[in-house]
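Hi,

Here is the structure I promised to pass on.

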Amino acid sequence: KQETKKTSTGETLNAMRTGRVQLIRNMLDGLSYGDDKMVDRRKNKFEILVRLIYLLEKYKEGLNIDPKKSTLENFLKKTNELDENNFVKHEIFINNLFVIVKNIEHNYKWRKTFLLPLSCLMIDVDNNEKIIDFLNSEVNGKEIYNTVGGSHNASCERATFIKNKFNTWNN
C-alpha cells in the first residue's frame with residue numbers, strides 16, 4: 001500500500017488561485033525566512049506568510065491570531081481594493097520581523113507559535129529597537145515558553161505571555 005501524507009495547510013493555501021495568493025507568492029522570494037538548513041518541502045513559508053498577513057489585517061479587530069485553515073482560506077478568497085498597498089506595508093513589517101528573528105538564538109524561532117506572538121508585540125509596542133533590546137535580554141538563548149503540547153491556542157497564550165513579560169521588563 002502506498003503511504004501518503006495529509007496535505008499540509010501551506011500546500012492547501014498555496015494551491016488556491018486568488019489575487020491575495022498571488023500577492024503573497026510575489027513576496028516569497030524577497031523575504032529571508034528561516035536559516036540556510038531549512039528545506040521548505042511542504043509550503044511552510046507560504047503558510048507562515050498567510051498567517052502573518054492575516055494577523056496584520058485582523059489583529060486590531062480582536063480576532064484569533066492563529067485561526068483554522070478554513071478561516072485562512074476564506075481570508076484569501078476575499079479581495080479589497082487596498083490589498084496591493086496594504087500588502088506592500090505588510091511585506092515591510094514581515095521583513096523587519098524576519099531580520100529581528102534571524103539575529104536571536106531560540107530553538108523554535110521560525111515556528112508560528114514564536115512568530116505570531118512576536119508580531120503582536122511588534123504591533124503593540126511599535127518600537128523595534130526596544131523589542132530587540134528586550135529579546136536580547138529576556139529571550140535570546142532561553143526557553144521562555146512552556147511546551148505547546150498539542151494546544152490549539154498556544155500562539156494566543158504566548159502573545160499574552162510575551163506582552164506581559166515585555167511590560168515587566170520595560171517598567
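**Salt bridges, a pocket and a buried face**

At 23% relative accessibility, Glu138 counts as partly exposed. Its salt-bridge partner is Lys165, with the closest N and O atoms 3.8 Å apart. Lys165 sits in helix 8 and Glu138 in helix 7 (residues 128-139), so the pair ties together parts that are 27 residues apart in sequence. Lys165 is partly exposed too, at 25%. Before you go further, bear in mind that this is a predicted model.

For Lys163 and Asp124, the closest N and O atoms are 3.2 Å apart. Lys163 is partly exposed at 24% relative accessibility, and Asp124 is partly exposed as well, with a relative accessible area of 37%.

The structure holds six salt bridges. Another of them joins Glu47 and Arg51, whose closest N and O atoms are 2.8 Å apart. These two are both in helix 3, four residues apart, or about one turn of the helix. Glu47 and Arg51 are both buried. They also belong to a salt-bridge network that links Glu47, Arg51, Asp66 and Lys112.

Now the pocket. The largest one has a volume of about 480 Å³. Its lining consists of 21 residues, and those nearest the centre are Tyr108, Trp110, Arg111, Lys112 and Thr113. By class, the lining has seven nonpolar, six polar and eight charged residues. Helix 3 and helix 6 (112-125) each supply at least two lining residues, and the largest share, four residues, comes from helix 3.

Which residues does Gly34 touch, leaving aside its neighbours within four places in sequence? They are Lys102 and Trp110. Gly34 is in the loop between helix 2 and helix 3, and it counts as buried because its relative accessible area is 2%, below the 20% cut-off.

Cheers

Note on methods
Residues numbered from 1 in each chain as written. Predicted model: local features only at pLDDT ≥ 70, side-chain atom pairs only at ≥ 80, totals over all residues. Heavy atoms only, no water. 1 Å grid on protein atoms, 1.4 Å probe; cavity = no way out; pocket = protein on both sides within 12 Å on 5 of 7 lines; lining within 4 Å. Points joined across faces, edges and corners; volume = space filled by probe spheres on them. Nonpolar A, V, L, I, M, F, W, Y, C, P; charged D, E, K, R; others polar. Buried < 20%, exposed > 50% of the residue type's maximum accessible area, 1.4 Å probe, protein only. Contact = heavy atoms within 4.5 Å. Salt bridge = Lys/Arg side-chain N within 4 Å of Asp/Glu carboxyl O.
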